[in-house]
Amino acid sequence: ISTGGDGGDGGDGSDGSDGSDGGDGESGGTATLWTDLSDGEDEAMSSYIDEYESESSNTIEKNEPGGELDQQLETAIPSGEGPDSWIWAHDWIGRFAVREEPPFLYDASDDVDTSLDVFTETAQEAVQFDGALHGLPFASETVALFYNEDMVDEPPETFEEMLSVMDEYHDPENGEYGLSYPVTDPYFASGFIQAYGGDIFDTESLENDLDSEECKQGMDALEQLFDYVPADPGYESQIVAFADGAAPFAINGPWEIANLGEEIENLGVTTLPTVDGNNPRTYSGIQTFYFSAMLSDADQSAVDAATGLAEWYTTNEEVIETNAEEQGYIPVLSSVVEDGDLSADVQAFAQQVDHGVPIPTHPNMNAVWTPLTEALTRVFNGNQESGPALDQAASEIRENQ
Amino acid sequence: MASSQLDAGDGLSRLRSALPFSGRDWGLLLVIPGVVLFSSFMLYPIVYLFYISLTDATFAGSVIGGGAELIGLENYVQLLGDPQFWSSMSTTWLFVAVSLVVKVFVAVGIALLLNHARVVGKRYMRAAVIVPLGFPGIFTITVWRGMFSDARFGVFNTLLGRYNDVMSSLSAPQVLLFDVPIGFLSGRWEAFFAYVTTEVWLAYPFMVIIIVSALQDVPKSLHEAAMVDGAGWLQRFRTVTLPAIKGPVLFASILTAATSFQQFLIPWVFNQGGPARKNELIIVYGYREAISFNEFGLSAAILIVAIAFVGLFMLVAVRYGGLAEGVGEE
Amino acid sequence: MARVTLDTLRKEFDRGTIVAVDDLDLEIDDGEFVTVVGPSGCGKTTTLRMVAGLEEPTSGTVHFDDEDVTDIHAKERPVAMVFQNYALYPHKTVRENMAFGLKMSTDMTTEERHERVREMAEMMGIEGLLDDKPDELSGGQKQRVALGRAIAREPEVFLFDEPLSNLDAKLRTEMRAEIQKLQKEFGVTAMYVTHDQEEAMTMGDRLAILNDGELQQVGEPTEVYQNPVNKFVAGFIGSPSMNFLDVDVETDGTSATIRDESSGLAFALSRDYVAGHDLESGPYTLGIRPENIGIVEDPTGEETLTATVEVVEPIGSDNYVHLDVNDDFLARAPANVQPEAGDEVGVVFEEADLHLFDAETGEDVFLSDEEIAAAVA
Amino acid sequence: MARVTLDTLRKEFDRGTIVAVDDLDLEIDDGEFVTVVGPSGCGKTTTLRMVAGLEEPTSGTVHFDDEDVTDIHAKERPVAMVFQNYALYPHKTVRENMAFGLKMSTDMTTEERHERVREMAEMMGIEGLLDDKPDELSGGQKQRVALGRAIAREPEVFLFDEPLSNLDAKLRTEMRAEIQKLQKEFGVTAMYVTHDQEEAMTMGDRLAILNDGELQQVGEPTEVYQNPVNKFVAGFIGSPSMNFLDVDVETDGTSATIRDESSGLAFALSRDYVAGHDLESGPYTLGIRPENIGIVEDPTGEETLTATVEVVEPIGSDNYVHLDVNDDFLARAPANVQPEAGDEVGVVFEEADLHLFDAETGEDVFLSDEEIAAAVA
Amino acid sequence: MSVLRSFAALVAAKLVAFATAPKRFVVTVQRAIYDLRTGKRTPWDVSKSVLMTLFGFAMVLVLLFPLFWIFTASLAEGTRLFTTSGIFPDPSTYNLGAYRWVVFESDFFFVDGDWGYPQLVLGGSGGLVSFRWAGTETGPGAVFNSLYIVSVTLAAGFGMIVPAAYAFSRRKFVGRKRILYGYVLFTQIGAGLSIATLVALYSLFSSYGLTNNLFVLGLFYAASAIPFNTWLLKTYMDNIPVSYEEAAMVDGASFLDTIREVILPLTKPGLAVVLIFVWLAGWNEFIIAQTLLRPENYPLSVELYNIATEGRFSTPWTRFAAFANLFALPVAIVYFAAQRSVEDGLSFGGMEG
Ligand SMILES: Nc1ncnc2c1ncn2[C@@H]1O[C@H](COP(=O)(O)OP(=O)(O)OP(=O)(O)O)[C@@H](O)[C@H]1O
Ligand SMILES: Nc1ncnc2c1ncn2[C@@H]1O[C@H](COP(=O)(O)OP(=O)(O)OP(=O)(O)O)[C@@H](O)[C@H]1O
Ligand SMILES: [Mg+2]
Ligand SMILES: [Mg+2]
């Protein structure tokens with residue numbers, strides 16, 4: 001996907017990006033932003049918005065609708081009550097981009113002055129669909145390996161090393177486990193399934209590839225981990241084993257860094273161990289400012305306010321660095337990524353993102369989650385062998401498309 | 001009754017004469033506001049839902065935004081051909097039946113015990129026992145989800161583990177021990193058991209208050225007559241207590257059964273109707289079609305069928321359960 | 001059937017603060033019909049319930065024949081009880097109501113039970129109602145079903161707790177006869193609680209009068225009516241009630257005069273009377289029944305007393321004449337005696353109809369202690 | 001107070017299939033106390049409710065004095081009603097119950113109301129109960145409160161619907177006197193429905209007898225008792241009821257004989273009697289009250305009739321002697337007349353006590369049509 | 001006002017009863033011991049009572065175990081639901097931090113727990129007199145939204161339910177039977193189907209511009225409560241003798257007086273039941289509220305749900321539990337005060353035949 005044109009625009013804009021924002025600011029645009037953030041994230045976001053408002057004289061109305069954000073959007077946007085912008089991982093782009101009557105997303109190619117080149121390549125890809133620019137990225141997320149340094153001398157580099165450490169501890173009868181890992185969630189499981197190069201969803205053919213040999217191989221590796229986790233694959237039941245110090249490892253995301261840091265004295269994070277020398281290719285989500293279709297009919301000042309905030313936030317090194325430090329956000333702003341002044345934990349995640357792939361944005365991806373979850377559950381419960389489970393999931397997904 | 005004698009003063013009588021129907025019908029005026037409010041907020045959405053079920057809407061937005069087209073009964077045809085629909089239906093009815101039976105027994109037991117002359121402080125116990133009524137379902141169900149965790153350290157598995165420890169220290173035979181951890185949420189029937197337990201827990205308070213009310217209305221002399229007639233405890237229960245609470249229990253059963261049929265939060269919060277959609281109660285099924293598979297029209301059809309079933313169930317219950325006794329003649 | 005013996009039966013409620021039944025001794029013969037009366041709260045119901053086994057005595061025993069049943073549970077006793085409100089099982093048909101006791105306490109087959117119920121129903125004239133529910137019956141019909149249910153079991157002891165008090169006068173008379181007929185027919189021992197004068201007088205072989213949990217007198221109704229052992233019984237039995245006057249008796253052993261200053265009463269007792277009774281000077285309560293008082297419309301001055309008529313209440317068959325002798329002094333005169341209110345009339349009565357009670361204890365002064373004791377046995 | 005006039009008052013229910021009250025004419029004088037009796041379902045309650053305004057007449061009118069109140073709402077009528085179950089508001093104290101009517105229908109201040117209530121309560125002897133709730137009262141107390149509530153409003157018309165039927169005999173007698181006293185004291189017009197014989201006979205200035213919605217007779221109680229216009233009234237008033245015999249009368253204009261084959265009755269009427277009455281040969285119903293029948297224990301054969309004693313019921317003051325003359329033939333004898341069951345006894349009665357009713361219409365044959373018409377006005 | 005006062009009196013009486021309950025219990029025990037000593041009751045008789053009581057108590061404990069468990073969780077430190085070391089969290093870590101959070105940091109009482117102080121303002125948008133919170137930059141929190149919704153629901157609910165129940169019970173009119181039948185049928189349809197009709201509702205509300213309107217939402221809850229409660233109250237009223245009304249009429253009371261002075265007081269137990277059910281209808285629902293409302297108008301139920309889904313994958317359990325406990329408190333108080341009435345008021349459908 002070429003971003004040349006955008007780059008050109010961005011080039012033009014970047015000269016006077018501050019100036020033009022300031023100019024718009026005199027008229028004082030207002031935009032609404034919907035978020036669904038945790039308390040700490042929310043506070044930080046609020047203060048950044050304040051900062052932006054004072055710098056730009058635009059007004060941002062930040063709202064935090066309850067429940068599932070996508071369900072809220074589903075009803076709000078068609079009835080014209082939706083937000084101008086919202087923050088979520090990039091994987092909704094495809095799903096919303098194909099909506100036509102009414103449209104859900106706004107192509108901001110002409111309104112964004114910043115060149116997309118300032119972001120990492122994966123991030124650039126993530127926010128575009130069919131050549132349209134639907135948002136700006138500011139962080140990525142994926143899962144990596146947490147370990148308790150009191151229990152693990154040396155972070156494992158290979159799958160076998162990890163297994164041997166787990167063998168050492170795993171003893172459920174006495175409340176000890178090898179691993180905390182919500183294994184039936186495809187997002188968490190994706191890394192191992194795709195470790196051998198198979199794709200859960202092939203972005204070229206727009207088909208799932210679950211029944212491929214590579215995926216099955218990856219699945220076999222994953223299945224070995226099933227024996228080391230508490231019997232309840234639910235997120236909360238899993239994390240508690242590690243948090244209580246009853247398991248040496250956890251596979252989880254950066255959002256847990258802060259919490260686990262409080263509970264585990266010597267917390268370490270590293271990339272997932274290699275399987276047969278392959279790095280697990282975890283799915284990563286790119287946190288994105290979405291531009292909603294509400295902007296199509298809005299005043300230019302509102303459009304400027306919404307895009308202005310996104311540009312300001314996503315390209316502001318200070319913001320991105322602070323976020324990396326305080327929230328565990330993995331930067332996607334190239335300058336910060338390359339700068340390297342990041343904590344070890346964040347670096348580990350950043351590295352894992354490098355190994356991984358962004359969650360495909362194509363709408364067909366939507367049909368993948370449920371069958372794959374069920375397949376993983378069946379295998380986890382011992383109701384089915386992993387091979388047939390993937391075959392079944394693959395055919396179910398094809399059927400549903 | 002002195003029908004035309006009641007009078008709400010001049011204003012009302014003037015109004016009465018202006019009515020399009022005869023004077024004795026002015027009671028209708030008192031009823032109409034409720035009917036209007038009810039129809040516009042409760043009946044209308046159902047009609048609307050029915051309309052959606054006739055369209056090819058894929059997601060909520062397409063209905064609201066007007067992007068859906070009428071396709072007649074196609075959704076219904078598709079629905080009847082979907083094995084998951086039939087599986088959902090039968091699981092739902094099974095869930096309704098089993099939880100109903102269990103909750104009747106549980107509630108009758110509790111009500112009897114907490115109305116028994118020998119129990120000291122029963123009034124307080126009765127107040128305590130219905131506390132679940134006060135908590136929102138989303139909360140209690142989430143809590144129950146936690147208790148039923150498959151993990152060995154889940155509440156029930158821990159308790160069973162302790163039980164095992166005690167039993168094996170008493171060197172009890174193996175059959176009396178449980179195979180912990182039990183996968184309450186990962187086994188088909190284990191999950192079903194968990195649903196039923198939770199559903200019973202949610203519904204028993206309502207039943208208990210109704211039964212307690214009924215028990216308190218049973219004349220003491222009936223018990224004594226039966227005693228003099230030579231009836232023992234069990235027979236008295238059968239001939240005096242049971243008939244006295246039969247009506248209320250039936251009433252509460254019908255109402256709670258209809259609620260059970262529409263249970264959504266339990267399966268959704270526990271394991272999304274799992275494992276592997278095996279315990280997908282009907283509303284969960286409809287919800288999933290709408291949300292996960294973007295089949296909004298189909299989803300509406302499912303829900304319309306569910307509503308029809310509840311309506312049918314209520315109709316039958318009302319007809320044959322004597323629920324509308326006292327509705328009286330026109 | 002069975003002889004019922006209550007031996008110093010006692011029941012306290014509320015930790016002894018209420019003595020509902022106070023050391024009651026009573027023996028009811030096999031096949032006998034005893035009516036129990038007394039003011040509200042005197043312990044009638046409680047006594048009955050102890051006989052039925054519905055209430056546990058605080059002390060004392062209940063025997064059926066020679067068997068001590070005090071600790072035997074109600075359901076084991078060969079007793080049937082008719083409750084004031086009938087206590088018919090509302091959800092059962094008449095047939096099921098009547099068959100229930102049989103089902104519980106006998107080994108009869110269903111056919112036998114139904115046969116028996118049919119017989120009973122025929123006898124009670126309710127064959128046509130067997131498939132109805134109690135709701136659909138009138139008061140009298142309910143009453144019959146309750147009776148039939150009780151009889152069907154062929155109990156040895158029959159207990160009735162004011163069974164007719166909810167019926168209207170006409171039905172009451174009918175049912176009264178029916179109950180008596182049935183009791184005789186089956187020869188069953190019966191205890192019958194009532195607060196109706198007429199029932200009390202006409203139904204029982206013997207009448208037991210309770211007051212404050214204590215037995216006052218037992219005896220044939222006419223005996224009790226004519227020879228009440230104390231003022232309480234005298235006042236309680238009979239309608240309208242006996243008139244009472246506080247009087248002084250002056251006697252020298254051979255002759256005696258009864259005097260009451262306020263009403264001007266002066267009644268000389270005959271020598272025979274004085275000789276036959278053992279009388280001392282002092283204060284007494286004089287009792288005389290309304291029907292034993294003669295009214296002389298044109299008093300000659302030779303009457304025992306003259307008094308002013310306060311009110312004349314015609315009740316058709318008779319007239320009740322209220323006199324100003326004291327509060328509530330009433331004479332029953334034939335319908336043709338019709339003095340006007342305010343008239344002076346003469347009052348006469350016969351020596352033989354007089355009752356004299358001890359002013360303090362209220363006991364009939366002519367009865368010896370033994371006779372009084374005998375009155376309650 | 002007010003004169004109450006009911007003019008061809010009629011009430012149909014269920015679209016005319018039930019005629020509860022059938023063209024009733026009745027005038028009740030200012031301050032008069034009229035008692036209304038009749039069998040169950042005869043329309044007593046319905047009549048009362050129409051007077052109160054709780055039921056709308058199908059036709060006819062109700063006047064208070066000269067004002068037509070037929071279309072006036074209950075709340076506007078100067079009427080107070082005492083319901084059978086009292087209908088005391090259970091959630092209000094006695095004081096509030098009694099003050100409620102005042103609050104609703106007068107402009108009194110709260111103090112005035114309370115003052116009035118206190119007065120009333122004092123008069124009824126319930127000052128001490130003013131702060132109690134109806135639940136806590138005994139039957140008699142409730143009754144008093146209901147009365148007090150009704151009186152407090154100083155109504156012009158007082159309606160009572162079997163107000164005493166839930167009380168026991170003793171209380172009933174007491175309350176009866178109280179009601180009469182109050183009614184006289186306030187001089188208020190009163191209608192009083194009852195099914196109790198004694199109340200009917202003693203309470204009212206006049207007695208109205210209804211049957212099947214139709215008025216049978218109105219008159220002073222003794223008048224009605226002695227001269228019932230028809231068999232229904234004769235049988236309904238009086239307890240025990242009048243005895244009836246189907247007889248044939250043979251007359252030649254100067255002498256007459258009453259005969260009944262089955263019982264062997266043959267009673268020759270005196271010439272005076274025959275001359276004074278207008279009698280024809282034919283079938284009649286003979287009526288004679290139990291208290292007018294004399295029993296001759298050793299019959300000489302000169303009596304009107306000999307009969308066998310079936311049962312003797314002693315009721316204390318008298319004995320009821322059941323004779324086999326026909327079903328239910330009863331004589332009331334003094335307590336000292338005590339034949340045994342099975343004895344042959346002689347039966348005598350006097351010509352003057354006889355009633356003769358038309359065998360078909362049941363009307364008293366000696367009354368002219370005018371007299372019969374007058375009986376209901 | 002008098003309603004409030006009598007309610008307060010009721011609660012006070014209940015509290016006294018509750019406070020003296022231990023004393024009464026001790027007296028009961030002492031009496032039993034005395035009776036045993038003096039032989040008034042046999043040991044077997046006493047032990048039967050003791051056993052039954054213990055059995056009852058044990059049953060209560062079992063039934064309330066989930067709530068007890070979550071209550072301990074609300075006192076514990078940290079945010080996890082489980083520990084791997086046992087069922088209950090370590091008692092030494094118990095603290096009230098979560099409750100403090102609910103009161104002073106969550107949106108329960110004030111947005112961000114920022115308590116200011118109330119201030120009366122004359123004029124303004126809210127009518128003649130309105131409240132404003134001074135000293136706070138944010139504003140009233142979710143509890144006020146909840147109370148507002150419930151007030152509307154109760155007002156509208158009672159306003160429509162009580163007259164209709166009266167009419168159904170006492171009047172005859174065209175369509176009576178049909179409407180009543182329909183109500184009975186619809187007692188249960190709707191309640192559980194809010195998920196189903198969500199979208200329909202949303203489009204209905206939004207097409208009239210009624211989304212984000214607390215008043216309309218309150219009306220909606222009232223509508224959902226109408227069939228069941230009307231029917232319930234009608235059944236209750238059927239058992240009140242007509243003669244009370246007639247007595248009032250003869251006493252000179254007008255129709256409205258009769259309603260106010262006689263019908264309503266006599267219907268109190270039925271009204272108590274309806275109060276509780278209607279209250280719950282407006283208090284507990286969150287799915288529709290969350291869809292129709294914007295965050296500044298969220299009631300407690302939605303806030304509670306939001307806490308549950310706050311973490312990306314997990315729930316901050318101590319806060320969730322503490323919030324839920326405070327959330328349920330008003331209902332518990334209302335029920336506790338009205339227990340007797342509720343037990344009386346539900347005694348319908350009683351003895352049949
Ligand atoms: N369960 C009880 N608890 C306390 N006191 C009781 C109980 N049952 C009866 N009593 C009291 O015992 C006394 C006798 O009551 P009982 O019912 O035997 O009277 P009764 O003669 O049947 O009266 P009535 O004619 O009114 O039926 C009364 O004072 C009554 O209050
Ligand atoms: N609301 C009604 N609907 C239909 N029929 C009625 C109604 N009220 C009374 N009736 C009928 O009217 C007739 C007269 O009834 P009413 O109540 O006046 O009798 P009553 O003389 O008071 O009888 P009771 O002595 O039993 O009280 C009865 O046949 C009764 O069934
Ligand atoms: Mg009694
Ligand atoms: Mg009547």
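Q: What makes residues of the shell around ligand 2 nonpolar, polar or charged?
A: The shell around ligand 2 holds four nonpolar, five polar and three charged residues, where Ala, Val, Leu, Ile, Met, Phe, Trp, Tyr, Cys and Pro count as nonpolar, Asp, Glu, Lys and Arg as charged, and the others, Gly among them, as polar. Phe13(D), Ile18(D), Ala20(D) and Cys42(D) are therefore nonpolar, whereas Asp14(D), Lys44(D) and Glu162(D) are charged. This is a predicted model, in which local features need pLDDT of at least 70 and side-chain atom pairs count only at pLDDT 80 or more, while totals for chains, interfaces and linings use all residues. Residues are numbered from 1 along each chain as its sequence is written, chains are lettered from A and ligands numbered from 1 in the order in which they are written, and side-chain values use heavy atoms, with hydrogens and water left out.

Q: How do you know which residues are around ligand 1?
A: A residue is near a molecule if one of its heavy atoms lies within 4 Å of it, and the residues that surround ligand 1 include Phe13(C), Ser40(C), Gly41(C), Gly43(C), Lys44(C) and Glu162(C). This shell divides into four nonpolar, five polar and three charged residues.

Q: Why is the pair formed by Gly41(D) and ligand 2 called a polar contact?
A: A polar contact is a pair of N or O atoms within 3.5 Å (within protein, one must be able to donate a hydrogen and the other to accept it, and residues adjacent in sequence count only if both atoms are side-chain atoms). A polar backbone atom of Gly41(D) is 2.7 Å from an oxygen atom of ligand 2, so the pair meets the cut-off. A backbone N or O atom of Gly43(D) is 3.0 Å from an oxygen atom of ligand 2, and for an N or O atom in the side chain of Lys44(D) the value is 2.8 Å. Taken alone, ligand 2 exposes 630 Å², of which the protein buries 65%, the areas coming from the Shrake-Rupley method with a 1.4 Å probe.

Q: Which atoms of Ser40(C) and Gly41(C) lie by an oxygen atom of ligand 1?
A: From Ser40(C) it is a polar side-chain atom, at 2.5 Å, and from Gly41(C) a polar backbone atom, at 2.7 Å. A backbone N or O atom of Gly43(C) lies 3.0 Å from an oxygen atom of ligand 1. The protein buries 62% of the 630 Å² that ligand 1 exposes when taken alone.

Q: Where does UniProt list a "transmembrane region" in chain B?
A: The unreviewed entry lists several spans, including residues 93-115 and 127-146, although annotations may be inferred rather than shown by experiment. Residues 93-115 of chain B are 91% helix and 0% strand, with end C-alpha atoms 32 Å apart, while residues 127-146 are 65% helix and 0% strand, with ends 26 Å apart.

Conventions. Helices (H or I, at least four residues) and strands (E, at least two) are DSSP runs, numbered from the N terminus.
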